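Thanks, everyone. I have one structure to go through, and I will keep it short.

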Amino acid sequence: MASVRFMVTPTKIDDIPGLSDTSPDLSSRSSSRVRFSSRESVPETSRSEGASDFSRATTSLATEAAEPPNEKTTNPHTDVAEDVSQTSITGEQYQLLDPGHKKDPHIYLNNTNYEDGDEFFDKNLALFEEEMDTRPKVSSLLNRMANYTNLTQGAREHEEAENVPPGKKKPTKTPQMGTFMGVYLPCLQNIFGVILFLRLTWVVGMAGVLQAFAIVLICCCCTLLTAISMSAIATNGVVPAGGSYFMISRALGPEFGGAVGLCFYLGTTFAAAMYILGAIEIFLMYITPKAAIFHSEDPLKEPAAMLNNMRVYGSAFLLLMVLVVFVGVRYVNKFASLFLACVIVSILAIYAGAIKSSFAPPSFPVCMLGNRSLSRHNMDVCAKTQDRDNLTEPTYLWKVFCNNSLYLNASCDEYFQHNNVTTIKGIPGLASGIIAENLWSTYLMKGEIIEKPSLHSADVVGALNQQYVLADITTSFTLLVGIFFPSVTGIMAGSNRSGDLKDAQKSIPIGTILAILTTSFVYLSNVVLFGACIDGVVLRDKFGDTVQKNLVVGTLSWPSPWVIVFGSFFSTCGAGLQSLTGAPRLLQAIAKDNIIPFLRVFGHGKANGEPTWALLLTAGIAELGILIASLDMVAPILSMFFLMCYLFVNLACALQTLLRTPNWRPRFRYYHWALSFMGMSICLALMFISSWYYAIIAMVIAGMIYKYIEYHGAEKEWGDGIRGLSLSAARFALLRLEEGPPHTKNWRPQLLVLLKLDEDLHVKHVHLLTFASQLKAGKGLTIVGSVMVGNFLESYSEVLAAEQTIKHLMEEERVKGFCQIVVAAKVREGISHLIQSCGLGGMKHNTVVMSWPSAWRQSEDARAWKTFIGTVRVTTAAHLALLVAKNVAFYPSNMEPFTEGNIDVWWIVHDGGMLMLLPFLLKQHKVWRKCNIRIFTVAQLEDNSIQMKKDLATFLYHLRIEAEVEVVEMHDSDISAYTYERTLMMEQRSQMLRQMRLSKTERDREAQLVKDRNSMLRLTSIGSDDDEETETYQEKVHMTWTKDKYLASRGHKPKTLEGFQDLLNMRPDQSNVRRMHTAVKLNEVIVNKSHEAKLVLLNMPGPPRNPEGDENYMEFLEVLTEGLERVLLVRGGGSEVITIYS
């Protein structure tokens, strides 16, 4: 037998002469290879033409290192280099199998002869008399049951680059980017964003320093734990473009990868909308307020007018940015450093202003009426009256609160009359101790006035006035979490640039984690600085109305608020451009993976690869976010998508770690499944904390995408962790199933469907598979098996073609199961192998389904019906149930439901309850749902038919099966002349065929002796393919023959003509007459009662113990089922399959 040698050879680029270590495509191939080499000589031309130069180089090196020089010349080897990611097996490896071994013949049943004096003798049930000890009559079973009363009980380009021919590879530049420029700074730029400048002060003011610190800490811990998991995945191999999508899809499979990849794409797209809305808010409120198109005289309607301005300007900004991205991404990348500089300068300005405020705080007075804050909009003096030319004149505030009256005796607002107007410092400074006042939360309802609790106020309500600063939305801890979380996203920027890094597996973890620690320090320190330097009234003022429409964080900065305004504006524009650049490429990577069919069009782009169609779709989705027009409403949406993405990154790492897959060898060592699980839990908690309904919507979207990819997407094998999880779960379940046989309540038919293939590898009886699908209704195990005659080494391609044909047919018939093709020298041996070896552990078949050999009478070859009987015997020996579908061509398809009719069950002997269970299972399918079940049983002369009917009805009531019951009496036991005549014809036909086969065997022997007259020969195959099966006389030919023995034996053989003469003088055997009588009588009764039935289920008698009666057995079954359109012969496996107990 040929031997197989497995050789693992780690090969580095530096070890190969003539290859530069600066080639990026070769450096990605420096992983270990597995080589399969045979000790047989294989022609060189049989090598795969798609192998690269590098593969051939490593192959030759491995061969030279492993073998001595003299062995190379005398025993040549062919090494097949395989990439680690490939799972296919070449045709050369199948030639390593040894075809020479033979199977020993296996005897399944003893061949004892029938005794006429059997104690179970009954003329009406003679067909079943040999099995009455294991399969009792229905009458005796029902009698026992009636007497029993006590009923207690991404990134496809990288993969394609692996297969590019060597001469066509384009020279590429060596990646030179290090950790700082390649990972750290891009992550900083993506993490710092609009929320820091526009909303962080407001979050601190509403939540207080303590809760704001907790919000920031939770979000930063979430991203830090995710970064640890991402670092482990990213260092477990090369991560091409596509970043998180590629990592998740290759770790969790195409279904999860596609679902989470699209969620990440939607999150990035909505992030672009959020950045654009932030830029427009800065532009219209703090840079050029006069540029607003829509205005409203009513202050209460001013927010609605502002939203319309945001929509118009946001759409224009989006169009401009899309044009910039369309013209060329290189312009976006050139300005990236400028945008990053703006962010860093703005943050430094905040720290500088905070330090300066400790000894020289900036002057931003806040006007207060009692303890209520007032807007400085249109206000010239913060007082009720002012002295001018020794006259007391009312101010703008007097006019607003006193019904536009300029008279000092006018009727004014009650709260205005009882409280004084004062001025407080908006920026008290770092040394003022204001942090004690800002520690606790002050959540407000929409329309509630922003107040300073420490100031005195008269206990008067007063009327709501336009000059008060009001809360624009209702705030809570959960809302602030959703709004703040987008400010910590962007941690994937480093992994997306892995192709540009000199050492990606070192730079990605260090750069990403350092960037997260840096941004976390900035956010947490800013929370403390804002609470220690700025008054709470100003912090809670989202748009800076109390500080003369200044950006709140700008009031703290040094040297000027404009540093923050312009810095945040340009950084926000840059972040929006980066999102509009990255999102289309992510969508293009998903589309090119071809896992979501309707996204294929977005995989195409311009000649240079720019994703034009994906950019247009991205712009359309971003426009939807801009039409929302509220930064506070868009932020929670993208928080959901990013949190879902991070959740699955943590899940992927935890899964791979717990499964301990052999390929899981990350270079980043500082990870643990508990950290990943904690990060996953925080992500899930944050999703529901920030917005439970958005979380449910995001999960439903991801679930719909998952199911769509599962049913309609292209099948991919990426070695993902879900496959590993499925394997571990299957192994665990199989080991549990091995603990014992299934309980009767859990029994369901696990089918092995035996299909027959023609010469063109087409299935002969398609309706047999249809019937199996109707019986299973998608539940349980189904194995579709077939046997091909031949040699496996020579027939492998035909086996693959037959498997594809059967799998395609299974998909058409919606059969969920497995396909198995066996190649054997004989069909009977192949079927025996299938019955013995199919399935695994507890997931083995318990029922065999096959079709009746319809043309067995017309065929001169006896192999067809002998194979059938052999299958029945093997099934019986294996204690399996057997279903034989006769006239299977007339069985209905799945598109032909019956509107009425009956399923008739003829329950003659009890063999485990299969006859009760099968019609119930069939009625679960739409084809048989409207059919009624009728159960017939046979009463003998000594049986009480009335009592049997009552017992049977009670039995069915306890089984919870609705069916009509009828007991058929068969009292007439006289054997008719027709029975004798039919038996005689059967025996004469058998004897005639035996004589014909005998004379053919003698002619074959003579020809063989003439051919080998000078030598001794051993006849191992005589007659047809099924040698020993076709010999029906007692002396089996299994001996060594010589010429003398052969001539001597010929002298004792009767002449052929004498043998045919004896046919005229035959008398039928009495046991055969009794069996024929049973078949004829039962057939008369069944045809009379069930000739219009849609399906007849009938007990199948077992084959005779003496193989000499095999052909008669086929005749008995033929007579038993004559005149019936659809018959299902049922033979139980010897165990109970149905119970009356709960």
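I will take the aromatic rings and then the sheet.

This is a predicted model, in which local features need pLDDT of at least 70 and side-chain atom pairs count only at pLDDT 80 or more, while totals for chains, interfaces and linings use all residues. Residues are numbered from 1 along each chain as its sequence is written, and side-chain values use heavy atoms, with hydrogens and water left out.

The structure holds 27 aromatic pairs. Rings of Phe, Tyr and Trp (its six-membered ring) pair if their centres lie within 6.5 Å; planes under 30 degrees apart are stacked, over 60 edge-to-face, and the rest tilted. One of the pairs is F484 with Y523, edge-to-face at 5.5 Å centre to centre and 80° between the planes. F484 is in helix 16 (residues 477-484) and Y523 in helix 18 (residues 504-533), 39 residues apart. Helices (H or I, at least four residues) and strands (E, at least two) are DSSP runs, numbered from the N terminus. F484 is buried at 1% relative accessible area, and Y523 is buried at 0%. Buried means under 20%, exposed over 50%, and partly exposed in between, with a 1.4 Å probe and protein chains only.

W907 and F955 are stacked, 5.8 Å centre to centre with 15° between the planes. W907 lies in strand 14 (residues 902-907) and F955 in helix 32 (residues 945-958), so this pair ties together parts 48 residues apart in sequence. Both W907 and F955 are buried.

Two rings carry a charge over the face, meaning NZ of Lys or CZ of Arg within 6 Å of the ring centre and within 35 degrees of the ring normal. R372 lies over Y415 at 3.7 Å from the ring centre, and K542 lies over W202 at 4.2 Å.

Ten strands form an open sheet in the order 11-10-9-12-13-18-17-14-15-16, with mixed pairing; strands pair if DSSP finds at least two bridges between them. Strand 11 (818-824) and strand 16 (964-969) are at the edges with a single partner strand each, so one side of each has no neighbour in the sheet. Strand 15 (residues 932-939) runs parallel to strand 16, joined by six bridges, and A939 stands opposite E969 in strand 16.

Helix 31 (residues 914-922) packs on the sheet, touching strands that include strand 14, with whose direction it makes about 170°. Contact is heavy atoms within 4.5 Å; axes are lines fitted to C-alpha atoms, for helices over the stretch in contact, and angles run from 0 to 180 degrees between N-to-C directions.
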